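Biologist: I have this one open on my screen and would like to talk it through. Could you take my questions as they come?

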Amino acid sequence: MISAVLFYVFAAILLVSAAMVVSSRNPVHSVLFLILAFFNAAALFLLAGAEFLAMILVIVYVGAVAVLFLFVVMMLDINFAELRSGYQRYLPVGLAVGAVLLTELAIVLGGWKVSPEAVTLRLSPRAAELHNTLQLGRLIYTDYIFLFQAAGLVLLVAMIGAIVLTLRDRTKSRHQNIAHQIARTPADTLELVDVPSRAGVASIGILRPKPAPQPEQAEASTGHAEGHH
Amino acid sequence: MNWTLALPEIVLACCGMAILLIGVLQKRDTFHLCSMLTVGAFLITAELVVSGSPGLGYNGLFTVDTFSTFVKLLVLVAATLGVILSLDYNEHANLRRFEFPVLMLYSTVGMLVMASASNLMSLYLGLELQSLSIYVLAAFARDELRSSEAGLKYFVLGSLASGLLLYGVSLVYGFSGTMEFARLAQALSNPAHVSPGLTVGVVFVIAGLAFKISAVPFHMWTPDVYEGAPTPVTAFLSTAPKVAAIALLMRVMATPFGHLLVQWQQVIILVSILSMLLGALGAIGQRNIKRLMAYSSIGHMGYALIGLAAGSEAGLRGVLIYMLTYVFMSAGTFACILAMRRRGRMLEQISDLAGLSRTDPGLALAFAIFMFSMAGIPPFTGFFGKYFIFTSAVQSGLWTLAVIGVLTSVVGAFYYIRIIKVIYFDAGGAEFDHCPASLSVVAAAGALFTTFFFVLPAPFIAAADAAAKALLL
């Protein structure tokens, strides 16, 4: 009785918040409603006895994906009003596509038959005495450990690939090169000149230190910076 | 559970992580060090592969037999040659980054998994690990437009092919109730269990795998990716992954779907004929030697598929021998292409080879050997590969395939021998830069194998024979 009431409460909130996700004007509100929808779906999973799925939904979707969405929505300045323009114009097409999909779905579900031997064909029969977290853990970490580790390697390669293709050393930044500094000798930067008395510095023509050894553009700027030591 | 079955893969993957750590933690340039360590890791893995014992493990996900051993050794040899070929090029092209050999290593791990896959899920994960690394490698020269384009194109079309493959796998699973090769074979031995849905699934699986070996009609990416990717990546792409993918196709067709020979034979025959024709005719007009190699590889895959279409033990043995000869020919040819450099600039046009016989007779001779071998002229290995393939086709009564194969070989001989004509008889340009030792080693190894295979072919043929037998059990 209580579970039936809870089911209807959670299901109703889920449907309402899902509708709000697509209809609310402010994209930040949409994401917040999406999080609410995830929580309610997790509660429905709990009611159905799938506690592992419920926790995963909260941890993965609410904890990571929804926050990521929120960041994206707030960081990228997307003009949602412009995206929504043409709503009236595309409405008939959208409705037609939706109607076709709905009909197809109805046809598929109408012709659905559960084969009598399907239960015996299942490869991973459910053991009644084990709760589903244990069962999933056994499948992932014992039966399919090989696939789990292989999938891990695929993710590692994806990470290496992302770094290789995008990470660049900044060539323009002026970080301190200690070895370069220590290697400098006074002769590189300092010139001792005998200045005759009462002749003035300008007559010798030395007003600034010698230029840096490499005449390249980037080096010239660092040379300039080093000149002020 | 007998986890030591996958010891080569585990060791190689751990070596990869260690090399990655070394590369990240060392502040100085570690490209050379990491490449050498990768070659060392390949050698250790090859030793483990040879000493491994056969068996089926990990809940039927992974199998080790003479077939997987043969394929793994060939893949490791091809990958080693690929790493050696990249040493000099990357120095000059400013791609001197330690991730390069690491990605090659992980791609090789994927290929080893593919060679041992005995379940449609491990098949897919191995394939994906292999492909994902190569997508990144193809785009490795990220500041070059052509390389980025090649990587992106390969990635998008490759994902599409993976989608096709997964769709086929889901159909097979849905209609048979299992993804294990042994159980599939058992279930399909009864013709009553073969439904049209399952056959459609098998066709989708073939389509997905045909993309990976760049067989027509799934070849569209090949010329652009071959041309755009950095040349060592092209060399790698045209050897090791091809071996792994065709081995996978052989295992999938022969073991779980062996009883459906009549159904898939027609598809393979069609793909094979189209690949041979396109490989022969498409290459004629090419001026760029990397594009020419792309069409050449399409044609070679067409020949290899003849052996698979034959469906007999002789045919499968023929495919293995063909791939063995192809790896050495192809790696050697790419070593020669990588040596085409004048004043630090890479050359890719066929006309740049003019007069090579006078400026560098050694390189010219190696090039000529590989081209004669690719054309299938005895006593070079290319002839033996084609010989075993065509005889198996004739034995299985596939006369059309054999005749078309011979005819397209003649067309192919035209463009291979035209390169030899350019090298030996055209008035030529200036000398190439000095050929680095790493390229000379690979070219010499390839040329020696290609030339002197006929002296002692027995051990290779016996190994291929044992491997093919394991597949048909």
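Biologist: Which helix does B:Ser409 lie in?

Modeller: B:Ser409 belongs to helix H18 of chain B, residues 399-425, where helices (H or I, at least four residues) and strands (E, at least two) are DSSP runs numbered from the N terminus. Before going on, this is a predicted model, in which local features need pLDDT of at least 70 and side-chain atom pairs count only at pLDDT 80 or more, while totals for chains, interfaces and linings use all residues. Residues are numbered from 1 along each chain as its sequence is written, chains are lettered from A and ligands numbered from 1 in the order in which they are written, and side-chain values use heavy atoms, with hydrogens and water left out.

Biologist: Is B:Ser409 buried or exposed?

Modeller: B:Ser409 is buried, because its relative accessible area is 12%, and buried means under 20%, exposed over 50% and partly exposed in between (1.4 Å probe, protein chains only).

Biologist: And what does B:Ser409 touch?

Modeller: Not counting residues up to four places away in sequence, B:Ser409 touches B:Tyr303, B:Ala375, B:Lys386 and B:Phe390, with contact meaning heavy atoms within 4.5 Å.

Biologist: What about B:Asp88, which side chain does it make a polar contact with?

Modeller: The side chain of B:Asp88, a residue of helix H3 (66-92) of chain B, makes a polar contact with the side chain of B:Arg341 at 2.8 Å. A polar contact is a pair of N or O atoms within 3.5 Å; within protein, one must be able to donate a hydrogen and the other to accept it, and residues adjacent in sequence count only if both atoms are side-chain atoms. B:Asp88 counts as buried, because its relative accessibility is 13%, and, leaving out residues up to four places away in sequence, it touches B:Pro436, B:Ser438 and B:Leu439 as well as B:Arg341.

Biologist: Switching topic, how many residues are in the largest nonpolar core?

Modeller: That core has 194 residues, and those with the most contacts inside it are B:Phe257, B:Leu353 and B:Phe367; such a core is a set of buried Ala, Val, Leu, Ile, Met, Phe, Trp, Tyr and Cys residues joined through side-chain atoms within 4.5 Å. Helix H14 of chain B (residues 313-338) gives the largest share of this core, 17 residues. Apart from neighbours within four places in sequence, B:Phe257 is in contact with B:Val172, B:Leu184, B:Leu188, B:Val202, B:Val252 and B:Trp264.

Biologist: Now the two chains: how much area do chain B and chain A bury between them?

Modeller: They bury about 2200 Å², 79% of it on carbon and sulfur atoms, buried area being the accessible area (1.4 Å probe) that two parts lose on being put together, summed over both. The contact takes 29 residues from chain B and 22 residues from chain A.

Biologist: Which side chains meet in a salt bridge there?

Modeller: Those of B:Asp143 and A:Arg168, at 3.0 Å from N to O, and the rule, a side-chain nitrogen of Lys or Arg within 4 Å of a carboxyl oxygen of Asp or Glu, finds 1 salt bridge across this interface. There are also 5 residue pairs in polar contact between chain B and chain A, both residues at pLDDT 80 or more. On the side of chain B that touches chain A, helices H1 (7-25), H4 (99-116) and H5 (120-138) of chain B each supply at least two residues, and H5(B) gives the largest share, 7 residues.

Biologist: Last one, how many helices and strands does chain A have?

Modeller: Chain A comes to 11 helices and 0 strands, and 15% of its 229 residues count as buried.
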